[in-house]
Amino acid sequence: EIMFAIATLVASSGYISGVSRPAVQVRAAGPQMADISAFGNVWGFDAKLAVYNAWDPEKPRDYDNFNPFERNDESAMCDTNGCFPGQSRGY
């Protein structure tokens, strides 16, 4: 009788026990950085100039097509992915 009362209370409260499933972790593929190995892997002026010279402003912005001298609305410069600190890394 007590178990029936508990079962009725649980059913009436809207509580539904979930089915036990194994945890699945989905990871997005990591961003592909610009190849700056020719510059000693230093994201300096020469590396930025090479990325800038390869930039096509008519194409959509992505990891391989961005203006490395562009600044966002917080005056931050982008990294070697073309992403700004503290903002979404996805295109």
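Phe-69 counts as partly exposed because its relative accessibility is 30%, where buried means under 20% relative accessible area, exposed over 50% and partly exposed in between, with a 1.4 Å probe and protein chains only. This is a predicted model, in which local features need pLDDT of at least 70 and side-chain atom pairs count only at pLDDT 80 or more, whereas totals for chains, interfaces and linings use all residues. Residues are numbered from 1 along each chain as its sequence is written, and side-chain values use heavy atoms, with hydrogens and water left out.

**Surroundings of Phe-69**

- Phe-69 lies in the segment after α2 (45–54); helices (H or I, at least four residues) and strands (E, at least two) are DSSP runs numbered from the N terminus.
- When residues up to four places away in sequence are not counted, Phe-69 touches Phe-45, Lys-48, Leu-49, Tyr-52 and Met-77, a contact being heavy atoms within 4.5 Å.
- Between the C-alpha atoms of Phe-69 and Gly-82, which are 13 residues apart along the chain, the separation is 9.6 Å.

**Aromatic pairs**

- The count comes to four aromatic pairs, under a rule by which rings of Phe, Tyr and Trp (its six-membered ring) pair if their centres lie within 6.5 Å, with planes under 30 degrees apart counted as stacked, over 60 as edge-to-face and the rest as tilted.
- Tyr-52 and Trp-55 form a tilted pair, at 5.7 Å centre to centre and 40° between the planes.
- The pair of Tyr-52 and Phe-69 is edge-to-face, because the planes stand at 65°, with the ring centres 5.8 Å apart.
- That pair links distant parts of the chain, since Tyr-52 is in helix α2 and Phe-69 in the segment after α2, 17 residues apart.
- Tyr-52 is partly exposed, with a relative accessible area of 35%, and Trp-55 is also partly exposed, at 28%.
- Ring pairs join Phe-45, Tyr-52, Trp-55 and Phe-69 into a cluster.

**Nonpolar core**

- The largest nonpolar core has eight residues, namely Ala-34, Ile-36, Trp-43, Ala-47, Val-51, Phe-66, Cys-78 and Phe-84, such a core being a set of buried Ala, Val, Leu, Ile, Met, Phe, Trp, Tyr and Cys residues joined through side-chain atoms within 4.5 Å.
- Ala-47 touches Ile-36, Phe-39 and Val-42, not counting residues up to four places away in sequence.

**The chain overall**

- The protein chain has two helices and zero strands, and buried residues make up 20% of its 91 residues.
- Of the contacts in the protein chain with a separation of 6 or more, 25% are between residues 24 or more positions apart.
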